[in-house]
Amino acid sequence: MNFILNMAWREMRASWHRLLLFFLCIAIGVGSMVGLRSLIQSIKAAIKSEARLLIAADVDVQTESMAVLERYFNSPLVVDHTEKLEFGTLVRSAADPNAVPRLVWLTAVQQQYPLYGEVRLVDGQHYDHSMLKYRGVLVRPKLLIQHNLKVGDEIKIGRLNFTIRGVIQKEPGQMMHFRPAPRVLVDYNDALAAGLTDFGSRVQRTMLFKTLEGQEETLARQLRRELRTDRSLRVNSFRNREGPLSEQLAQVENYLSLLGLVILALGGIGISSVTRVFIQQKMKTIAILKCLGGENRHVLGAYLAQVLALGLTGGLLGLALARIVTIGLPKYLADRISFDIEYGVTWQAALQGLGAGILVALLFSLPPLLEIRRVKPILVLRKDTAASGRRVDWLRLVAGLLILMGLFALAAWQAGSFKIGGIFLGGLVATSCMLSLAGAALIRLLRRVGHLPSFVLRQGVNSLYRPGNQTSVILFAVGLAVFFVVTIYLVQINMLSEFNYNSILVTHDLGMIDIQKDQQAEVEAVLTRLAGEAPTMIPMLRLRMVRRGRPGQEWWVSYRPNLEEYEKVTAGRFWEPTPSPDPEISIEDHISRDFQLGVGDTMTFDVLGRQITARITSIRHANRYVWNPVNSIIFRPGALEDAPQRIAAHIKGPVPAGPRAQIMREIADRFPNVIVYDFVETFEAARGVVRSISIVVTFVGGFVFLCGVLILVGSIAMTKFHRLYEAAILKTLGATRRLIILITLIEYGVLGLLAGVIGSAAAIALSWAINKYALELAWQPLPSVNLIGVAATLLLVTAVGVLSSLDVMMKKPLDILRTE
Amino acid sequence: MRRGFYYYISIMIRLTNVSKTVMSGSEKLTILHAVDMFIPRGQFVAVVGPSGSGKSTMLSLVAGLDAPTTGDIFLDGEYINRLSEDELARLRGAKVGFIFQSFHLIPSLTAYENILVPMEIMKLQQARARAQKLLDEIGLHERGHHYPSQLSGGEQQRVAIARAFSNDPAILLADEPTGNLDSKNGMHVFELLVKLNRERGTTLLLVTHEHALAEQADRIISLNEGRIVEDLQKEN
């Protein structure tokens with residue numbers, strides 16, 4: 001043991017710079033894995049420790065029977081209570097009559113709000129409910145930017161003007177706010193006075209309770225029991241809100257860790273290459289040790305100890321990288337997560353990352369390390385006896401199996417599921433096989449091209465088959481990196497173009513909901529006057545589905561005589577426009593799928609206590625980008641006209657900002673209960689979300705690419721001895737330095753080209769599959785992205801190849817030939 | 001049973017009908033032809049012969065670095081033909097010291113550490129003190145912390161000699177130990193080798209081109225085209 005440890009230490013002391021790539025590969029893998037996992041774990045820990053802030057109370061209740069709740073105000077369980085209202089509404093600058101109204105998410109609160117936590121304002125201002133009194137409003141920074149306003153300015157909400165008294169930095173009850181509309185906070189009574197809660201408004205009323213310590217579940221149970229007949233009842237204690245959120249975050253954490261594992265596995269390939277080079281360079285030392293009495297276990301042990309030490313060092317460096325990630329990414333997330341989180345590398349993630357790093361280092365270095373057994377001590381006397389014959393090496397096969405099993409175990413561990421671990425490994429193996437096969441096929445093809453006309457071309461291409469060449473390793477590793485990065489970009493651009501307002505046919509881009517029946521004619525007239533065309537008015541009815549005689553889910557439904565231009569019938573036949581006394585319905589394909597209903601089946605609904613059974617006569621597929629809030633279930637006219645209903649409207653709004661703003665302004669001013677959606681803005685917000693996601697994905701892709709470059713550098717180093725010798729001979733035979741550079745350029749140029757083509761081609765297939773099956777989005781080929789991918793790979797591989805071979809070009813031939 | 005039959009207490013190396021054939025392209029090439037030889041304990045034997053006569057091959061077979069095509073080899077009474085790689089390594093560690101023409105020091109270790117390695121492998125007691133003593137004996141007391149690349153050829157070979165003696169081996173195999181040195185350094189190294197050999201009573205098998213060195217041996221075996229053509233034993 002002493003010898004093994006001493007030898008490992010001495011070897012590392014002398015060769016650490018050769019193994020730099022080794023621990024960089026580990027460091028990047030571990031860094032990305034630990035960094036991503038720590039981020040989520042920090043968020044989870046914050047949620048757990050500050051769980052009450054999730055709802056800013058111990059229990060929150062939404063019910064139609066608010067009167068029942070009043071009985072609980074004096075319950076011995078309840079310490080305090082408060083009510084809040086939340087809804088979407090339009091806001092505009094009060095000073096500028098031409099300002100564009102924009103959608104906000106309004107929260108109206110009472111004196112006691114929040115029961116837990118604090119509303120934090122920017123510039124260190126202290127929140128007090130008095131700030132909201134007399135029509136004060138607190139807003140998010142985004143609103144100030146959107147409307148070009150500042151603190152002290154007035155905004156118009158509903159019928160009233162409100163003064164901006166401060167800017168909210170963080171508020172409890174809003175842990176993650178990814179809503180496109182900015183939030184505003186007003187006083188409860190002011191909201192009522194502004195006419196925002198008039199009949200027809202889609203207001204969400206929530207009663208918040210503070211209970212005696214540990215009594216939150218008791219109160220929640222009592223409320224659920226007492227209000228069990230209320231079908232729209234929602235009772236949450238902070239504990240049952242935290243549970244599902246933590247579970248969702250655990251899933252995100254596991255998926256992100258799998259991404260980290262992809263990087264680590266790629267790093268493993270780099271490790272394998274570097275170890276192979278290292279062992280090749282150490283052949284003579286190994287032979288000497290064997291001459292001096294070193295048994296295989298001694299020598300193997302010494303190098304295995306080095307791998308362990310390097311895995312550990314690389315892992316520690318990875319932890320440092322992860323720390324940088326946890327410092328950098330939260331700055332980006334700060335605007336989106338409004339609670340205090342102490343970001344840092346968590347012990348759990350650090351230990352997992354270190355363990356995974358060491359395991360990957362050991363597994364992937366095992367096959368090259370096993371070569372040590374085949375090194376004969378006679379190598380010190382005769383150069384040509386490097387290793388014994390090519391018998392089947394069972395130990396190597398076992399090592400291969402161990403790698404697969406180890407990766408499976410790691411993937412299952414990281415994903416927290418054997419199934420996902422298996423799918424991950426299967427995907428990785430399939431991708432690896434496909435890339436390797438494509439590489440081999442391309443090389444075979446190149447070999448068959450025949451006699452190349454120029455010496456430089458011939459020599460450059462021939463270099464790809466030189467003894468000990470790393471062509472397939474480079475093609476695989478760089479190809480895999482290109483594959484990942486190009487796929488990310490193809491998916492991202494496809495997603496962005498889905499949310500590009502100009503690139504898709506939007507027949508209606510202004511939508512309105514919550515129009516009352518008595519407002520219908522007026523709204524229609526306003527819209528027709530300002531937009532120059534009549535809007536489509538869509539009746540909205542809330543009906544409860546009845547299944548097997550029992551009341552079930554509530555649905556928004558509508559009725560109309562004809563098929564719209566943005567939809568097509570996929571089964572059955574759409575009805576004639578005439579009303580029919582026999583109820584008929586047409587359902588969208590997703591309802592058909594989810595409820596396993598087909599043409600000829602029936603659905604029963606409860607309409608004011610009367611049950612209507614309707615026959616499905618057609619199934620439709622609608623363009624999802626045409627806004628229609630009630631398209632899933634459509635009745636044939638004749639059955640629902642007399643039932644209570646609201647109206648939605650949509651219209652193709654004018655393109656110029658002025659007239660468009662005028663429509664929104666007039667609707668907001670005259671009908672405060674009506675909510676207007678501007679889809680141009682919604683699309684922009686969606687593009688923003690896609691961009692945010694792409695930043696994280698690009699960050700991961702960047703790590704993958706860095707690993708690919710490291711593997712490339714390592715693989716080039718592997719053939720350095722051959723190339724040095726070849727260059728020396730060529731120079732002796734009269735080749736100039738320029739000629740050698742040209743040959744090197746051709747060699748790596750071809751390699752880069754092949755890797756780029758393989759990676760890009762595979763990326764087309766994967767991006768198509770992701771778009772079609774995972775995102776269910778339309779896919780379009782983007783040859784320019786692929787071409788840029790190929791060109792960038794060609795340039796990068798050539799640059800790295802030439803830079804890594806500088807000494808090959810510069811060294812004097814005599815020095816090399818002498819040592820040979 | 002075979003061991004009992006061939007076991008002589010005074011014989012350190014025994015080769016019986018040993019031949020070595022290798023493939024050269026598609027043709028068989030015999031490097032050693034049915035060599036019979038025994039070397040008693042403590043004898044200093046020089047093996048001479050032109051290039052390609054099979055000297056180094058014979059040395060590698062004796063050390064168990066290579067396996068013979070035919071014949072039997074015994075080292076200190078132990079039949080080595082059937083030993084595994086690891087058993088041979090153990091045997092070398094315990095009984096054989098090596099000196100090579102191109103020194104073959106481990107470049108990543110200092111002179112002192114190079115001497116230490118065989119003792120560490122064999123887990124010898126007081127290895128460090130012994131390595132220091134050997135450094136003193138070869139006159140490199142001050143240069144123990146230097147790496148091979150920082151030493152001259154002569155100094156490297158002296159370190160190699162100290163390394164070869166570090167385990168107190170019963171057999172010392174030297175393959176042209178002065179071949180890469182100038183005559184002055186070569187003579188210095190050779191004298192050191194002979195001195196340490198005499199002091200420790202080691203059996204020394206020295207392969208050399210130089211007749212002047214061979215003359216110092218107790219016995220000179222001449223090889224030509226893989227056959228022993230002369231075996232001269234000096235009178236004491």
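**Stop 1: a salt bridge in chain A**

Start by selecting R529(A) and E666(A): their side chains meet in a salt bridge, 2.6 Å from N to O. (A salt bridge is a side-chain nitrogen of Lys or Arg within 4 Å of a carboxyl oxygen of Asp or Glu.) Now colour the helices these two sit in: R529(A) belongs to helix 15 (residues 520–531) of chain A and E666(A) to helix 17 (residues 657–670) of chain A, so the pair links distant parts of the chain, 137 residues apart. Helices (H or I, at least four residues) and strands (E, at least two) are DSSP runs, numbered from the N terminus. Over all chains, the structure holds 33 salt bridges.

Some ground rules before you move on. This is a predicted model, where local features need pLDDT of at least 70 and side-chain atom pairs count only at pLDDT 80 or more, while totals for chains, interfaces and linings use all residues. Residues are numbered from 1 along each chain as its sequence is written, chains are lettered from A and ligands numbered from 1 in the order in which they are written, and side-chain values use heavy atoms, leaving out hydrogens and water.

**Stop 2: confidence in chain A**

The mean for chain A is 80, and 86% of its residues reach 70 or more. Where is confidence lowest and highest in chain A? Look at helix 23 (residues 813–819) of chain A for the lowest, with a mean of 61, and at strand 15 (residues 584–588) of chain A for the highest, at 93.

**Stop 3: where the chains touch**

Show both chains and select what lies in contact (heavy atoms within 4.5 Å): 30 residues from chain B and 26 residues from chain A. In chain B, pick out L65(B), H104(B) and I121(B), which lose the most area to chain A, together 22% of what that side buries.

Five salt bridges are counted between chain B and chain A. Zoom in on E113(B) and R13(A), which form a salt bridge with their closest N and O atoms 2.7 Å apart. Next, highlight helix 2 (55–62), helix 3 (85–95) and helix 4 (111–121) of chain B: each supplies at least two residues of the side that touches chain A.

**Stop 4: the sheet in chain B**

Finally, select the four strands of chain B that form an open, antiparallel sheet in the order 2-1-4-5. (Two strands pair if DSSP finds at least two bridges between them.) At the edges are strand 2 (27–40) and strand 5 (78–79) of chain B, each pairing on one side only. Strand 1 (residues 11–24) of chain B is joined to strand 2 of chain B by 10 bridges.

Notes. pLDDT is the predictor's confidence in each residue, from 0 to 100. Buried area is the accessible area (1.4 Å probe) that two parts lose on being put together, summed over both.
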